[in-house]
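Please look at the sequence and the coordinates before reading on.

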Amino acid sequence: MTLIDPALLKIRLGALAGRFDVDALAECDSTSSELLRRAERGAPAGTVVVADRQHAGRGRRGRQWLSAPGDSLTFSCLWRFTGPATQLAGLSLAVGVAVSEALEGLGARRVRLKWPNDVLLEQGGDYAKLAGILVELASDRRGTQAVIGIGINLRAPAGDLPQPAAGLADDLPALPDRHDLLAALLGALAGALDRFEGGGFAALQSAWQRRHAWQNQPVRLLQDGVVDGEGICLGADTDGALLVETPVCIKRFLSGDVSLRRA
Ligand code: ATP
Ligand code: BTN
């Protein structure tokens, strides 16, 4: 039996129900892999795949995403944009804003964002990863399709992770019903994607900056484990690039392959 009932979700989505077509699976390899296959077969924008269990959940660069049924929410949503993928550099940041807005709407108070694709929970001045966002783009002559994968920990996963993890239960007195949670996330996603389509990441920049975990703090950028830059983190510019002030200049990093760490 699946944990999400699409009929119940439709009721929760209300006026937004027409913008999404949600399929709930008991299990799949990865909701993003499944949605990429469906997109290839012509699935429309607004198609959502949610799964109770993923046996090959993925993060950036093929890293593993851990999730356990009941303790997490894992889903992917297909969106299409006119124009080339180069205009979508800030999309994963825009999705981060949507996730934060949805969780805050449900009462969360300590959600913060880390460039480019992490949603963190502040815990006594430190940060633990609460959710991950994976945006995969493909372009053709009609425009660009984005498969937006989101994984949220309801409870922190058990297991050895290189960085601390947190769950929504660490920031809320009681966990929300998962239909309410998914409806809030899809609603916020629709709003953020509309703003993004209308004005690019610039339309969401201040919302992102307000929640930026490491604003004005010393950071280090790594490429394949090698330090590629160090300085004071100034946050994201209007394109979604990360700005880091070094003693000689302000360096600009595009999402790509760099990893951000607190120095
Ligand atoms: P980067 O800064 O390069 O993005 P990252 O550590 O944020 O590094 P991602 O690829 O964004 O890495 O996210 C995947 C990582 O998240 C995995 O390497 C794993 O350590 C961690 N991870 C996997 N599952 C979970 C989870 N459920 N909650 C928190 N962290 C997780
Ligand atoms: C990251 O932090 O690197 C991103 C993790 C994204 C995980 C979600 S879970 C739903 C979707 N399916 C996947 O395999 N990955 C994304």
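## Salt-bridge network and basis of the values

A salt bridge is taken here as a side-chain nitrogen of Lys or Arg within 4 Å of a carboxyl oxygen of Asp or Glu. Under that rule, Asp-23, Asp-29, Glu-34, Arg-37 and Arg-38 are linked in a network of salt bridges, and the structure holds 19 salt bridges. Side chains of opposite charge can pair when their charged atoms come close.

The model is predicted, so that local features need pLDDT of at least 70 and side-chain atom pairs count only at pLDDT 80 or more, whereas totals for chains, interfaces and linings use all residues. Residues are numbered from 1 along each chain as its sequence is written, chains are lettered from A and ligands numbered from 1 in the order in which they are written, and side-chain values use heavy atoms, with hydrogens and water left out.

## Helix α2

Helices (H or I, at least four residues) and strands (E, at least two) are DSSP runs, numbered from the N terminus. Burial is stated by relative accessible area, with buried meaning under 20%, exposed over 50% and partly exposed in between (1.4 Å probe, protein chains only). On this scale 7 of the 10 residues of helix α2 (residues 31–40) are buried, so the helix is largely enclosed by the rest of the structure.

The buried residues of α2 are Thr-31, Ser-32, Ser-33, Glu-34, Leu-35, Arg-38 and Ala-39, and Glu-34 and Arg-38 also belong to the salt-bridge network. The cover over the buried residues of α2 includes β1 (21–28), β2 (47–54), β3 (72–81), β6 and β7, where contact means heavy atoms within 4.5 Å. After α2 comes Gly-42, which has a positive phi, near 100 degrees.

## Charge pairs around Asp-118

Asp-118 takes part in two of the salt bridges: one with Lys-114, in which the closest N and O atoms are 3.3 Å apart, and one with Lys-129, in which the corresponding separation is 3.0 Å. Because Lys-129 lies in strand β6 and Asp-118 in strand β5 (residues 118–123), the latter pair ties together parts that are 11 residues apart in sequence. Asp-118 is buried, with a relative accessible area of 9%, and Lys-114 also counts as buried at 9%, while Lys-129 counts as partly exposed at 24%.

## Asn-153 in strand β7

Asn-153 is found in strand β7 (residues 143–153) and is buried, with a relative accessible area of 3%. Leaving out residues up to four places away in sequence, Asn-153 touches a set of residues that includes Trp-65, Asp-71, Lys-129 and Leu-168. A polar atom of the Asn-153 side chain lies 3.4 Å from the backbone oxygen of Lys-129. The C-alpha atoms of Asn-153 and Pro-116, 37 residues apart along the chain, are separated by 18 Å.

## The two domains and their contact

The domain assignment, whose bounds come from an automatic or database source, gives domain 1 (6–211) and domain 2 (218–262). The contact takes 18 residues from domain 1 and 20 residues from domain 2, and the C-alpha centres of the two domains lie 24 Å apart. The area buried between them, meaning the accessible area (1.4 Å probe) that two parts lose on being put together, summed over both, is about 1,400 Å², of which carbon and sulfur atoms give 48%.

Across this interface the rule finds 1 salt bridge. Arg-262 forms a salt bridge with Asp-126, the closest N and O atoms being 3.5 Å apart. On the side of domain 1 that touches domain 2, β6 (126–140) and α5 (205–210) each supply at least two residues, and α5 gives the most, with 3 residues.

## Within domain 2

Asp-237 forms a salt bridge with Arg-252, with the closest N and O atoms 2.7 Å apart. This pair links distant parts of the chain, since Asp-237 is in the loop between β9 (226–236) and β10 and Arg-252 is in strand β11, 15 residues apart. Asp-237 is buried at a relative accessible area of 13%, whereas Arg-252 counts as partly exposed at 42%.

Thr-246 is found in the loop between β10 (242–245) and β11 (250–253), and is buried, with a relative accessible area of 13%. Leaving aside its neighbours within four places in sequence, Thr-246 is in contact with Glu-230 and Lys-251.

Note on methods. Polar contact = N/O pair within 3.5 Å; in protein donor to acceptor, adjacent residues only side chain to side chain.
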